[in-house]
Amino acid sequence: MPSEPLDYSPFTPRRTRFVLLTFAVLVIVAFTALAVMFFIIDVTGYTGWDAAMLVALGALIAVFLGMLGMVKAVPSTSGLYVRNILSRRQLEWAEIIAVRLVEQSGDPWVTLDLSDGTTTAVMAIQRSDGRHGSNEAVRLALLVDANSPTD
């Protein structure tokens, strides 16, 4: 048992989230400005439908960037909820066999070895966050160790 209380605060990437959400806003602004600018300069054959599709394309790109930026992992006393780009997964602590730390695996994020023989990524803890990412990987490993059943 660790002497300090366990930190169950959510894992979220720092730099990646900031960059992606900033780009999402910029894409919406740029595509909307481009749609308006084509009307102002009176591009031949450009219609309201074209403008709407241009804005919709910008919104679609922004949504994808937002999905990339909203990855997270939320630990609790019962397990770990992992939300990656397109997948969500609730894991019991007993299902997690090992946490491969960022430096050891060479992957851009933490990977969990699971009791069913598979692995799952935890994109919320990323190497691009530098020391913060490494510290968060260690914190997750401590949570797994503290909450795993002992034989």
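User: In S2, which residue is the bridge partner of Ala-73?
Analyst: The model is predicted, with residues numbered from 1 along each chain as its sequence is written, and local features need pLDDT of at least 70, side-chain atom pairs count only at pLDDT 80 or more, while totals for chains, interfaces and linings use all residues. Side-chain values use heavy atoms, leaving out hydrogens and water. Strands are DSSP runs of E with at least two residues, and helices are runs of H or I with at least four, both numbered from the N terminus; two strands pair if DSSP finds at least two bridges between them. S1 and S2 (residues 79-83) pair in the antiparallel sense over 4 bridges, and in S2 the partner of Ala-73 is Val-82.

User: In the open sheet with the order S4-S5-S6, what is the average twist from one strand to the next?
Analyst: The sheet has 3 strands in antiparallel pairing, and S4 and S6 each have a single partner strand, so one side of each lacks a neighbour in the sheet. Angles run from 0 to 180 degrees between N-to-C directions, with axes as lines fitted to C-alpha atoms, for helices over the stretch in contact. From one strand to the next, the twist averages 25 degrees.

User: How many residues lie between S5 and S6 in their hairpin?
Analyst: S5 (residues 109-114) pairs with S6 in the antiparallel sense over 5 bridges, with Thr-120 in S6 as the bridge partner of Leu-112. Gly-117 in the turn has a positive phi of about 90 degrees, and the number of residues between the two strands is 4.

User: Why is S6 described as largely enclosed by the rest of the structure, in terms of its buried residues?
Analyst: Buried means under 20% relative accessible area, exposed over 50%, and partly exposed in between, with a 1.4 Å probe and protein chains only. S6 covers residues 119-126, and it is largely enclosed because the buried share of its residues is 6 of the 8.

User: Is His-132 buried or exposed?
Analyst: His-132 has its place in helix H4. Contact means heavy atoms within 4.5 Å, and, leaving aside neighbours within four places in sequence, His-132 is in contact with Thr-12 and Arg-14. Its relative accessibility is 19%, which means that His-132 counts as buried.

User: How much area is buried between domain 1 and domain 2?
Analyst: The chain is divided into domain 1 (14-69) and domain 2 (74-147), with bounds from an automatic or database domain assignment, and 34 Å separate their centres, taken over C-alpha atoms. Buried area is the accessible area (1.4 Å probe) that two parts lose on being put together, summed over both. Carbon and sulfur atoms give 49% of the area buried between these domains, which is about 610 Å².
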